[in-house]
Amino acid sequence: MTAAVAAVDLGATSGRVILGHVSANELSIRPVARFPNTPVRTIDGLHWNILELYRSVIAGLGAAAREDPAIASIGIDSWAVDYALIRNGRMLGVPYHYRDDRNQAAVSTVHGVVSPEELYAANGLQHLPFNSLYQLEADRAAGMLDVADSLLLVPDLLAYWMTGRQVAERTNASTTGLVNVRSGEWDEALLPQLGLPRSLFPELVDAGTAIGPLLPAVAHETGIGGDATVTAVGSHDTASAVLAVPALSDDFAYISCGTWGLVGVELEAPELSEAGRLANFTNEGGVDGTVRYLHNVMGLWLLSESVREWERGGDVISLPALLAAAAAVTSPVAVFDANDPRFLAPGDMPNRIAEWCRENGAAVPASRAEFVRSIVESLASAFVAAVRTAATLSGKTVSAIHIVGGGSQNELLCQLVADRSGLPVQAGPVEATAIGNVLVQARAAGLVAGSRESLRSLVAASFPPRLYAPAR
């Protein structure tokens, strides 16, 4: 039996609705809608345009229904940590963007109550100043938690608007810093320490759980039949992407490369050593109860923000031409620290890279091609360092590196990772997140069966990766 499912995949810069057809021997996907995800800065900070995003999702699902009316399931994934506060079913304000600077003061406040060491022992997460627990401290200080009665992460918010049911999918909830890393449940000891009402946090559900049917108004607007179910998937996009890594054995590291580069290994249990905490490695929830032991690297944000800055001057930038020019650069370029916090916020990225070079005695790139080559070399260096650290800290053997997501199309990046690591790199699929989303839905609907390994074999057969061998 083959049936259709719809994957809503929301990234930090764009979203898409993808139609998937799955059976025991078939896995195919077709994008039916793509739309921008552009944040909005108002007087009180940087926000997601969540209503426009939802409107685009509903329109995209309508396009999916016109292409295949027999959609059995809908799954939603997105970036992590950001949320909406709810009161009596209504959203209180527009969700903040994780790059907003309101979180800086909240970090010191939280650490004054619970030390970084205690937090890591409780939640296993690397320190990132925008983790949900710091954002919630900013909301608590502003009095917003006094009027809210629940909190919904972005995919859960959209699922609520579609079904009327409030839940928290576990892989995404694990990124909040408020889920206990051992139990996988909301941390009943940590929440009161941080002054967070337990009532804010909804029921946790696993990927593959049926959230509910579409509300009649949503079914009417999208044209999707009333039998369709909204299914919880690995709603943190990296959880879905890791499920779709086309590995045929478990001795692999992954790089899910888009706006961020998520670099790590898949484990069966958390790794909570002090060395891991100091290396800023995180233990996030994966599909089927796995642990995504990884480090966040700044990712292609460095490149996209540089291009955005150059285009502000009125130039039209061809990214393929720019990457080709970067690949042709033969002179050495600066390899900068891609994890430097100065690169986190939106703004003039080339100037920040130049600033880093001057501060560290490195030659400032002399052309746009050299800037791009410097960015790609720096990302490759950071990615390989993170792979090696993940293997050392976890004790896991790594014989190959899989690059999935948009970065798998960057031939220069893939080859440099292979060369610097001395390991084969397998690149693709590009739409790994949507594929993982589709697979969880298909398994929940009984269209396919089996373990993560069998699902990955289906991915490998349907989307053969491109091999990059290290230079000898």
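Colleague: Which residues of helix H13 (residues 349-359) are called buried?

Modeller: This is a predicted model, in which local features need pLDDT of at least 70, side-chain atom pairs count only at pLDDT 80 or more, and totals for chains, interfaces and linings use all residues. Residues are numbered from 1 along each chain as its sequence is written, and side-chain values use heavy atoms, with hydrogens and water left out. The buried residues of H13 are Met349, Pro350, Arg352, Ile353, Ala354, Trp356 and Cys357. Buried means under 20% relative accessible area, exposed over 50%, and partly exposed in between (1.4 Å probe, protein chains only). A helix is a DSSP run of H or I with at least four residues, a strand a run of E with at least two, and both are numbered from the N terminus.

Colleague: What do the buried residues of H13 pack against?

Modeller: They pack against helix H11 (301-312) and H14, where contact means heavy atoms within 4.5 Å.

Colleague: Why are H12 and H14 called roughly perpendicular?

Modeller: The axes of H12 (residues 319-327) and H14 (residues 368-394) come within 8 Å and cross at roughly 80°. Angles under 35 degrees count as roughly parallel, over 145 as roughly antiparallel, 65 to 115 as roughly perpendicular and the rest as oblique. H12 and H14 are therefore roughly perpendicular to each other. The axes are lines fitted to C-alpha atoms, for helices over the stretch in contact, with angles from 0 to 180 degrees between N-to-C directions. On the H12 side the contact includes Leu322 and Leu323, and on the H14 side Val372 and Val376.

Colleague: What makes S16 and S20 edge strands?

Modeller: The open sheet has seven strands in the order S16-S17-S15-S14-S18-S19-S20, with mixed pairing. Strands S16 (282-285) and S20 (466-468) each have a single partner strand, so one side of each is left without a neighbour in the sheet. Two strands pair if DSSP finds at least two bridges between them.

Colleague: How many bridges join S15 to S17?

Modeller: Seven bridges join S15 (residues 261-267) to S17 (residues 291-297), and these strands run antiparallel. Glu266 stands opposite Arg292 in S17.
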